[in-house]
Amino acid sequence: MDKKNTVSIPKNLLAPIKNFLEGEMMKWKKTQKEIKKSDPFSDADRDQNNSMESDLDEQIGHFDAEIKVGFVKKQLVQLRKALTRIKIGKYGICEKCGKMIDTDRLAIKPEVTTCINCARDQE
Ligand SMILES: [Zn+2]
């Protein structure tokens, strides 16, 4: 058996990481709600007889909100993935190659689930 794969982050270190990830999740969910609220298309009372100009404003506002929501969704997926890995005891292990993720990398971005090499390959 490969000994490298049996090494995992100690439980006493996982608890604060889990707390952090859950806190981040709450924050992003709140952000997501706020963005959706700011999306002019989500306004049920919006004036259907808009001038071209305000229509364009709404289009841009909507487009902007879509991009932001897309970004937030990605963050949420990543956080959920990291939390799942804590649950299954695989936190800190690269999901691609199975090697330990550099702890410096985890310290900066606790939500990552791939090592730096695999992350580079992805991009
Ligand atoms: Zn890897």
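Helices are DSSP runs of at least four residues, numbered from the N terminus. Glutamine 59 is found in one of them, helix H2. The model described here is predicted.

**Overall make-up**

The protein chain has four helices and zero strands. Read from the N terminus, the order of elements is α-α-α-α. The chain has 123 residues, and 11% of them count as buried.

**Helix H2**

Helix H2 covers residues 52–87, which is 36 residues. How far apart should its ends be? At 1.5 Å a residue, H2 should span 52 Å.

Which residues of H2 are buried? They are Val72, Leu79 and Ala82. Helix H1 (11–38) is included in what covers them.

Glutamine 59 also sits in H2. Is this residue buried or exposed? Glutamine 59 has 12 other C-beta atoms within 10 Å. A residue counts as exposed at 12 or fewer, so glutamine 59 is exposed. Phenylalanine 41 is 18 residues from glutamine 59 in sequence. In space, the two are 8.1 Å apart, C-alpha to C-alpha.

Just after H2 comes glycine 89, with a positive phi of about 75°.

Two packed helices are described by the angle between their axes and the distance between the axes. The table gives both for this pair.

| Pair | Quantity | Value |
|---|---|---|
| H1 and H2 | packing angle | about 160° |
| H1 and H2 | distance between axes | 9 Å |

Angles over 145 degrees count as roughly antiparallel, so H1 is roughly antiparallel to H2. The crossing of H1 past H2 is left-handed.

**The nonpolar core**

In soluble globular proteins, nonpolar side chains tend to be buried together. Which residues form the largest nonpolar core here? There are five: Ile93, Ile101, Leu106, Val112 and Cys115.

Leucine 106 shows some of the links. Set aside its neighbours within four places in sequence, and leucine 106 is in contact with Gly92, Ile101 and Val112. Ile101 and Val112 are also members of the core.

Definitions and conventions:
Residues numbered from 1 in each chain as written. Predicted model: local features only at pLDDT ≥ 70, side-chain atom pairs only at ≥ 80, totals over all residues. Helix = DSSP H or I, 4+ residues; strand = E, 2+ residues; numbered from the N terminus. Buried ≥ 20, exposed ≤ 12 C-beta atoms within 10 Å, placed from the backbone. Core = buried A, V, L, I, M, F, W, Y, C linked by C-beta atoms within 7 Å. Contact = placed C-beta atoms within 7 Å. Expected span 1.5 Å × (residues − 1). Axes fitted to C-alpha atoms, helices over the stretch in contact; angles between N-to-C directions. Parallel < 35°, antiparallel > 145°, perpendicular 65-115°, else oblique. Left-handed = near helix turned anticlockwise from the far one by under 90°.
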